[in-house]
Amino acid sequence: MEVVFVGYLWFFAHRYHFGKRRFGVIRDLGLLGKIDRREALTEEDFEGLNYIMWSISVSKERLNYLVIFAFSVIAIVLSLALDFGIIEL
């Protein structure tokens, strides 16, 4: 059980780190405002956008969330089955 808990902690700390980096690039370069105002982007802006797009495209985030969702559903079904006496251990 401790391994699962540590896995969850690592996963969400890892996701937080990358989310914070992406947000930092957007904030530091003022990308939302520039795009909203249709301003010309600098080479640094394009590098920032490239990093954001690359990090999203290689991210295993969707797969990780799918696995977490699937195991959560399995845990809930097993818990209910045990609580209602449908299965016994």
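Me: How many aromatic pairs does the count come to?
Reply: The model is a predicted one, in which local features need pLDDT of at least 70 and side-chain atom pairs count only at pLDDT 80 or more, while totals for chains, interfaces and linings use all residues. Residues are numbered from 1 along each chain as its sequence is written, and side-chain values use heavy atoms, with hydrogens and water left out. Rings of Phe, Tyr and Trp (its six-membered ring) pair if their centres lie within 6.5 Å; planes under 30 degrees apart count as stacked, over 60 as edge-to-face and the rest as tilted. By this rule, the number of aromatic pairs is two.

Me: Why is the pair of Phe-11 and Phe-12 classed as it is, and what is that class?
Reply: The ring centres of Phe-11 and Phe-12 lie 4.8 Å apart. Their planes stand at 75°, and the pair is therefore edge-to-face.

Me: Is Phe-11 buried or exposed?
Reply: Buried means under 20% relative accessible area, exposed over 50%, and partly exposed in between (1.4 Å probe, protein chains only). Phe-12, at 43%, is partly exposed. Phe-11 has a relative accessibility of 6%, so this residue counts as buried.

Me: How many residues apart in sequence are the parts that the pair of Phe-11 and Tyr-65 ties together?
Reply: The rings of Phe-11 and Tyr-65 have their centres 5.6 Å apart and their planes at 90°, so this pair is edge-to-face. Helices (H or I, at least four residues) and strands (E, at least two) are DSSP runs, numbered from the N terminus. Because Phe-11 lies in helix H1 and Tyr-65 in helix H4, the pair ties together parts whose separation in sequence is 54 residues.

Me: Which residues do ring pairs link into a cluster?
Reply: One member, Tyr-65, is partly exposed, with a relative accessible area of 36%. The cluster linked by ring pairs consists of Phe-11, Phe-12 and Tyr-65.

Me: At what angle do helix H1 and helix H4 pack?
Reply: Axes are lines fitted to C-alpha atoms, for helices over the stretch in contact, and angles run from 0 to 180 degrees between N-to-C directions. The axes of H1 (residues 2–29) and H4 (residues 61–83) are 12 Å apart. The two helices pack at an angle of about 145°.

Me: How many nonpolar residues does the contact of H1 with H4 have?
Reply: Contact means heavy atoms within 4.5 Å. Tyr-8, Phe-11, Phe-12, Arg-15 and Arg-22 in H1 meet Glu-61, Asn-64, Tyr-65, Ile-68 and Ser-72 in H4. Ala, Val, Leu, Ile, Met, Phe, Trp, Tyr, Cys and Pro count as nonpolar, Asp, Glu, Lys and Arg as charged, and the others, Gly among them, as polar. By class, the contact has three charged and two polar residues, and the number of nonpolar residues is five.

Me: With which residues is Ile-56 in contact, leaving aside its neighbours within four places in sequence?
Reply: Ile-56 lies in helix H3 and is partly exposed, at 41% relative accessible area. Its C-alpha atom is separated by 13 Å from that of His-17, 39 residues apart along the chain. Leaving aside neighbours within four places in sequence, Ile-56 is in contact with Arg-22 and Arg-62.

Me: What phi does Arg-38 have?
Reply: Arg-38 lies in the loop between H2 and helix H3 (43–58), and counts as exposed at 72% relative accessibility. Although Arg-38 is not a glycine, its phi is positive, at about 60°.
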